[in-house]
Amino acid sequence: MSFPIERPRRLRRSEALRNLVRETHLNVYDLVQPLFVVPREDVRTEISSMPGQYHLSVDQVVKEAVRIHSLGLSAIILFGIPEGKDSQGSGAYAEDGIVQRAVQAIKNTVPDLLVITDVCLCEYTSHGHCGMIKDGEVDNDSTLELLAETAVSQARAGADIVAPSDMMDGRVEAIREALDANGFIDIAILSYAVKYASAYYGPFREAVDSAPQFGNRKGYQMDPANIQEALREVELDIEEGADIIMVKPGVAYLDVLASVKQAFSRVTASFQVSGEYAMIEAAARNGWIDRKAIIMETLTAFKRAGADFILTYYASEVAEWLNS
Ligand code: PBG
Ligand code: ZN
């Protein structure tokens, strides 16, 4: 059967027909809002590299969490900017660290909103790398203990899901063991299993002042040219006990996302990162693109490619659109 019997346009004739046959749906509860927590009180400062996103003190992040929960979003993910940085990244696993205090305050106020915490050291190290430096290199195995300690301290503060983003080998196993040993058997691990060494993180690094002081992250984050290796990374993280797999960045890696989803049939997330956000904002501010249409089209593409949920700086704004 083909033309003129078959005419695909029959099902595109009206909004109602298109709604009826649509394959992919973007839902409010599929979106996760990243938030940046900073020290002090009453701080709400726009981030210059990410217009429309803010540095929020703990009191302000609680307010934002309340608003986000009322919009129907399921979760937020927290990133912290500590008072001070040191070579060990001690702010990452301090009992009264910035993220730990934020998690406690948020869970006290909106216990039903899921709080995901990013597990990494780069926001807390003076050298800006995601692990410990030994002989001028990022040392894998000594970093694992600190990552595990970070995850446990976040779980103790009340985090529902911990999300290691450091790309050290063996971190999922180290974190799972430490969580279980401390009684947190039900705290899930969302692994940034496939995280590429990407220029798309630029605006984020400016936001959290985490650009490496020497070298780059290519020795631990993945080569953008590789997809077979991505599948292997996912396999390893599943073996180590990851509950959710993430592919990052987003749009430039939708082929990887689709392959991972197909190959493993696991809960798979994607992160529309800071550079993707900044590019849309810059073009929109110049009047070169239809901002809302671009955002909705892009997020729909993530779902079509296989994302079960999406971390996006647009989460709360899109929730407002979807709810209205
Ligand atoms: C920390 C981390 C980064 C991002 C998430 N967690 C930065 C990096 O690896 O350099 C990027 C998020 C974004 O760009 O929006 N390792
Ligand atoms: Zn890092």
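User: Which is it for helix 9 and helix 10: roughly parallel or roughly antiparallel to each other?

Analyst: Helix 9 and helix 10 are roughly antiparallel. The cut-offs for angles are under 35 degrees for roughly parallel, over 145 for roughly antiparallel, 65 to 115 for roughly perpendicular, and oblique for the rest. Before going on, two notes. This is a predicted model, where local features need pLDDT of at least 70 and side-chain atom pairs count only at pLDDT 80 or more, while totals for chains, interfaces and linings use all residues. Residues are numbered from 1 along each chain as its sequence is written, chains are lettered from A and ligands numbered from 1 in the order in which they are written, and side-chain values use heavy atoms, with hydrogens and water left out.

User: At what angle do the axes of helix 9 and helix 10 cross?

Analyst: They cross at roughly 155°, and the axes come within 10 Å. Helix 9 covers residues 274–285 and helix 10 covers residues 291–305. Axes here are lines fitted to C-alpha atoms, for helices over the stretch in contact, with angles from 0 to 180 degrees between N-to-C directions. Helices (H or I, at least four residues) and strands (E, at least two) are DSSP runs, numbered from the N terminus.

User: And what about helix 7 and helix 8, how are they set to each other?

Analyst: Helix 7 and helix 8 are oblique. The axes of helix 7 (residues 228–240) and helix 8 cross at roughly 45° and come within 10 Å.

User: New topic. How many salt bridges are in the whole structure?

Analyst: A search finds 17. A salt bridge needs a side-chain nitrogen of Lys or Arg within 4 Å of a carboxyl oxygen of Asp or Glu. One of them joins Asp139 and Lys134, at 3.9 Å from N to O. Another pairs Arg171 with Asp166, at 3.2 Å.

User: Are Arg171 and Asp166 buried or exposed?

Analyst: Buried: Arg171 has a relative accessible area of 2%, and Asp166 has 0%. Buried means under 20% relative accessible area, exposed means over 50%, and partly exposed is in between (1.4 Å probe, protein chains only).

User: What does Lys261 meet in a salt bridge?

Analyst: Lys261 meets Asp308, with 2.8 Å between N and O. Lys261 lies in helix 8 (residues 254–264) and Asp308 in the loop between helix 10 and strand 12 (309–312), so this pair ties together parts that are 47 residues apart in sequence. Lys261 is partly exposed at 22% relative accessible area, and Asp308 is partly exposed at 31%.

User: Which residues do salt bridges that share partners join into one network?

Analyst: That network holds Glu281, Arg285, Arg291 and Glu317.

User: Switching to the backbone. Which peptide bond into Pro4 is cis?

Analyst: The bond from Phe3 to Pro4 is cis, with omega near 10°. Pro4 sits in the segment before helix 1. There is also a cis bond from Lys248 to Pro249, where omega is near -5°. Pro249 belongs to the loop between strand 10 and helix 8.

User: Where is Asp135, and where is Met167?

Analyst: Asp135 is in the loop between strand 6 (132–134) and strand 7 (137–139). Met167 is in the loop between strand 8 (161–164) and helix 5 (171–181). Asp135 is exposed, with 79% relative accessible area, whereas Met167 counts as buried at 5%.

User: Last one. Where is Met246 found?

Analyst: Met246 is in strand 10 (residues 244–248). With a relative accessible area of 1%, Met246 is buried.
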